[in-house]
Amino acid sequence: MSATTAVVRRGAPVEPAVLEFRQYICRACGLIYDEEKGDPDSGLAPGTRFEDIPDDWECPLCGVTKSDFEPHAVVALNRTGGTRDTVNMTRCDAAGVVIVGAGTAGWTMARAIRERDADMPITLVTGCNGAVYDKPLLSVAMAKAIGLPSMVKETGNDAARRLGVRLIPETFAISITRESNTLRTTRGAIKYKQLILAHGATPRTDERLPRSLCWAINDLRCYTRFREALGKPRQPQHIAIVGAGLVGCEMANDLALAGHVVVLVDIATRPLASLATEQESDALLSAWAALPITFQGGTRIEQVTRQGKKLVIDTDIRIAINVDHVISATGLQTPSRLAESAGLDWNNGIAVAPDSLATNVKNIFALGDCISINGQAYRFIEPIAKQACVIASRITDGEPLTYAHTRPVIRVKTTSKAFTV
Amino acid sequence: MSAVPLRLSETIPESLASSAMLERVRAIAQGPLAAIAEAIDREGTYPADVLQQLGKAGLYRAQTRLDGTPDFVSALKGVVEVSKVCGATGFMVWCQAACTLYMERSGNPALGGDTFLRHVHGDTLGGTALSNPMKAMTGIEPMLLRAERVADGYIVNGTLPWVSNLGADHYFGAAATVHEKDGSRRDIMFMVSCRGPGIELKTCPSFAGMEGTGTWGVRFTQFKVDASNLIADRVPEFLNEIRPAFILLQVGFGLGVAQGAIDSMWAVEGQLGHVNQFLHDRPAELQAELDALTLRTHQIARMLSEGKSPSPLDVLDVRAHASELALRAAQSALLHQGARGYLLSSSVQRRVRESHFVAIVTPALKHLRREMAKQSTQEMPA
């Protein structure tokens with residue numbers, strides 16, 4: 001027995017740091033060596049300090065040696081893990097409606113069902129935390145000096161409680177097993193009676209704009225990280241935005257009004273080329289003349305690389321652009337994996353019937369950014385509420401409504417020169 | 001990225017040769033293997049004869065390029081046939097199959113030729129010690145083996161707590177982290193002979209079941225790696241190449257345990273159906289789900305055979321689904337069989353433990369879900 005141990009045994013007045021016994025955990029099997037208890041079976045008396053253990057001592061459970069142990073700190077457990085919200089309840093719970101996605105489409109869908117049926121079980125599965133927010137704010141919040149905390153209208157849990165929805169946050173839908181009406185997720189399988197896909201679209205991937213360097217902002221989580229990376233307002237940063245469509249122009253406008261220096265790059269020779277007339281594009285550029293926005297049209301990106309603290313964009317016109325941040329706003333694409341796993345018809349998005357928004361599988365519906373009607377996707381907020389009402393009417397009792405698609409009115413929120421197309 | 005299309009209604013046709021191979025495998029599984037399944041599970045009998053016979057039947061050859069294109073569908077079906085009867089042996093077939101992948105894809109002539117042919121024929125048997133490295137590479141735990149460079153290779157030290165399908169004359173693939181003098185680190189993979197110098201097999205504590213899997217702790221003391229046993233010195237690339245097949249062949253183990261459980265539910269249906277109808281997860285329901293999963297798995301296996309790269313999420317998802325289904329089927333089989341399934345000697349009881357193993361062996365269900373979540377998360381600038 002070591003001298004230290006003897007001192008402890010007698011309870012002599014030594015430094016508290018010396019008194020404390022420590023624990024060490026085996027990295028292979030998780031066995032804990034407690035100095036206080038020792039390991040009498042292998043000849044280590046209670047009180048044997050870890051440093052006094054011979055090097056050839058073996059873990060009594062799995063046989064690795066002392067060098068595979070590390071200090072073990074006892075951490076208070078956060079016991080909120082397996083709450084009712086997150087456990088897999090595939091078999092015993094009555095299968096109700098399962099909605100994939102907690103963006104505007106997902107929450108609007110949940111509300112539309114709840115307004116018609118107070119009791120229908122609704123489960124909402126989402127890869128994010130489920131916070132309710134207005135997506136259009138993502139491209140106008142800075143000029144309006146809206147802080148990040150006030151962008152969340154309601155937390156996911158509060159919205160779930162209000163609507164009587166079982167929210168399963170931070171959970172990714174992986175595939176659909178049609179034979180057993182099951183949605184497979186990263187927290188287990190969930191049975192559904194009806195499945196509603198509201199998972200939206202994701203930013204188009206482009207290897208010249210790697211995600212490790214470029215911001216592809218399409219949700220609050222990414223937007224929040226971007227705002228945090230920008231740092232305090234009033235510290236102007238140089239920002240390149242690739243893609244001068246609706247989102248690119250709105251973000252350029254917002255960032256410039258907030259004092260940042262923006263270069264807006266597009267292969268087209270004018271901003272909003274596919275949405276607005278030439279006169280409208282000119283009017284926008286004139287309105288921007290007073291702002292720190294440079295429009296770099298007719299330019300293709302070759303690559304983005306990090307050089308020190310700066311990002312360098314190489315272009316096909318031999319101009320290198322040096323900036324602090326790059327935003328990729330080159331459009332959206334609908335992820336196809338869930339649709340393919342269920343054998344859903346696909347036509348530039350999940351093909352739904354124009355009147356019922358049903359897919360070709362009778363108990364699977366879809367709405368919002370992930371659908372296409374006659375091959376055309378419309379990724380705008382306005383049709384979502386109408387679509388949700390139609391689907392809700394078809395899975396609850398009562399008169400089924402018919403969807404009538406109209407071309408949505410698009411407001412370009414470039415506040416320096418806003419217009420409607 | 002696109003998911004594997006699942007709606008293919010017809011099954012993948014089997015060649016005459018693979019039908020004959022599977023017929024031989026089935027005969028071994030239902031004959032000599034069935035006779036010792038309980039002894040393997042509880043008494044720790046290591047089924048060396050059966051594993052060798054399976055090699056002679058051609059099971060280990062199917063996945064190789066020895067006859068031209070690899071046939072992962074048949075290899076998978078073979079694992080299912082064995083696992084239906086004995087999960088422990090199904091698992092060891094997978095160990096052998098993983099070892100086959102390492103030898104074949106290493107490109108090392110010392111691991112090819114006659115050495116490889118004897119392995120594929122089941123004359124010699126091998127295992128895999130990649131549980132720890134696979135977890136280390138996805139950031140779950142640190143590497144347990146440490147290597148240092150010497151003039152003509154590396155010296156490896158450390159201890160692996162449990163490696164399966166080992167014996168005195170067996171071998172296995174392992175990996176270690178090389179700690180270079182300049183402080184940099186990288187990994188190497190190598191083959192280890194159980195009777196080699198510097199290798200000591202150590203008895204493991206008792207397991208809850210599957211005792212006959214030849215599972216040992218392995219102590220490495222100044223173990224030498226050189227040109228004769230190196231598998232790969234670019235380990236991440238090597239593992240990326242073999243990972244889909246490595247995981248997919250394991251799916252066969254889960255599918256087989258699930259099928260065995262469903263079969264034992266049908267076995268009592270005539271007698272107990274009138275009360276069993278009040279249970280959920282009934283055999284027909286589970287069978288439909290298993291059939292759909294099997295078809296999906298075969299489609300991924302066929303992509304592998306054709307040299308295509310299946311979506312990593314699909315591979316992880318079928319592996320996770322097989323775990324979940326094996327757990328549900330084994331549990332339900334116990335409920336269907338009632339008291340007779342509660343006898344310690346019952347195959348149903350054994351399958352419950354096997355299904356637990358399917359769900360905890362690397363990659364465990366929790367690892368699979370974690371990895372799928374990781375791959376589904378949008379990357380952002382740091």
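Me: Where is B:Asp226 placed?
Reply: This is a predicted model. Strand β7 of chain B covers 216-225, and strand β8 covers 230-232. B:Asp226 sits in the loop between β7 and β8 of chain B.

Me: Is B:Asp226 buried, exposed or partly exposed?
Reply: A residue with 20 or more other C-beta atoms within 10 Å is buried, and one with 12 or fewer is exposed. B:Asp226 has 13 other C-beta atoms within 10 Å, so it is partly exposed.

Me: Which residues is B:Asp226 in contact with, leaving aside neighbours within four places in sequence?
Reply: One pairing spans a stretch of chain: B:Asp226 and B:Val150 are 76 residues apart along the chain, with their C-alpha atoms separated by 9.6 Å. Contact requires C-beta atoms within 7 Å. With sequence neighbours within four places set aside, the contacts of B:Asp226 are B:Asp152 and B:Gly153.

Me: Which element gives the most to the side of domain 2 of chain B that touches domain 3 of chain B?
Reply: Chain B is divided into domain 1 (16-126), domain 2 (128-235) and domain 3 (236-376). The C-alpha centres of domains 2 and 3 of chain B lie 29 Å apart. Contact involves 13 residues of domain 2 of chain B and 12 residues of domain 3 of chain B. With 4 residues, the most on the domain 2 side comes from helix α6 (residues 131-137) of chain B.

Me: Which residues of α5(B) are buried, and how wide an arc do they cover?
Reply: The buried residues are B:Phe116, B:His119 and B:Val120. Their cover includes α2, α4 and β1 (126-128) of chain B. They lie on the same side of α5(B), because around the axis they cover an arc of only 95°.

Me: What covers the buried residues of α2(B)?
Reply: Helix α2 (residues 48-56) of chain B has B:Val50, B:Leu51, B:Gln53, B:Leu54 and B:Gly55 buried. Just after α2(B), B:Gly58 takes a positive phi of about 100°. The cover of the buried residues includes α1 (16-43), α3 (72-85), α4 (87-106) and α5 (113-120) of chain B.

Me: Which peptide bond is cis, with omega near -5°?
Reply: Most peptide bonds are trans. B:Pro363 is in the loop between α12 (347-360) and α13 (365-376) of chain B. The cis bond runs from B:Thr362 to B:Pro363.

Me: Is A:Ala145 buried or exposed?
Reply: A:Ala145 lies in the loop between β6 (132-133) and β7 (152-154) of chain A. Its phi is near 55°, a positive value in a residue other than glycine. With 9 other C-beta atoms within 10 Å, A:Ala145 is exposed.

Me: What is the phi of A:Asn181?
Reply: A:Asn181 is in the loop between β9 and β10 (182-185) of chain A. It counts as partly exposed, with 18 C-beta neighbours inside 10 Å. Although A:Asn181 is not a glycine, its phi is positive, at about 50°.

Me: What is the radius of gyration of chain A?
Reply: Chain A has 9 helices and 27 strands. For 421 residues the globule rule gives 22 Å; chain A is well over that, so it is more spread out than a compact globule, with a radius of gyration of 29 Å.

Me: How far apart are the C-alpha centres of domain 1 and domain 2 of chain A?
Reply: Along its principal axes, the C-alpha trace of chain A spans about 90 × 60 × 35 Å. Domain 1 is 3-71, domain 2 is 97-201 + 334-412, and domain 3 is 214-332. The centres of domains 1 and 2 of chain A lie 55 Å apart.

Me: Which residues touch the most other members of the largest nonpolar core?
Reply: The core has 168 residues. Its largest share, 15 residues, comes from helix α7 (residues 235-267) of chain B. The residues that touch the most other members are A:Met109, A:Leu367 and B:Leu248.

Me: How many residues does each chain give to the contact between chain A and chain B?
Reply: On the side of chain A that touches chain B, the elements giving two or more residues are β9 (173-177), β14 (214-215), α5 (220-230) and α8 (337-342) of chain A. By class that side has 13 nonpolar, 11 polar and 10 charged residues. The contact takes 34 residues from chain A and 31 residues from chain B.

How values were computed:
Residues are numbered from 1 along each chain as its sequence is written. Chains are lettered from A and ligands numbered from 1 in the order in which they are written. This is a predicted model: local features need pLDDT of at least 70, side-chain atom pairs count only at pLDDT 80 or more; totals for chains, interfaces and linings use all residues. Two residues are in contact if their C-beta atoms, placed from the backbone, lie within 7 Å. Ala, Val, Leu, Ile, Met, Phe, Trp, Tyr, Cys and Pro count as nonpolar, Asp, Glu, Lys and Arg as charged, and the others, Gly among them, as polar. A nonpolar core is a set of buried Ala, Val, Leu, Ile, Met, Phe, Trp, Tyr and Cys residues joined through C-beta atoms within 7 Å. Domain bounds come from an automatic or database domain assignment. The arc is that of the directions from the helix axis to the C-beta atoms. The radius of gyration is taken over C-alpha atoms; the globule rule is 2.2 Å times the number of residues to the power 0.38.
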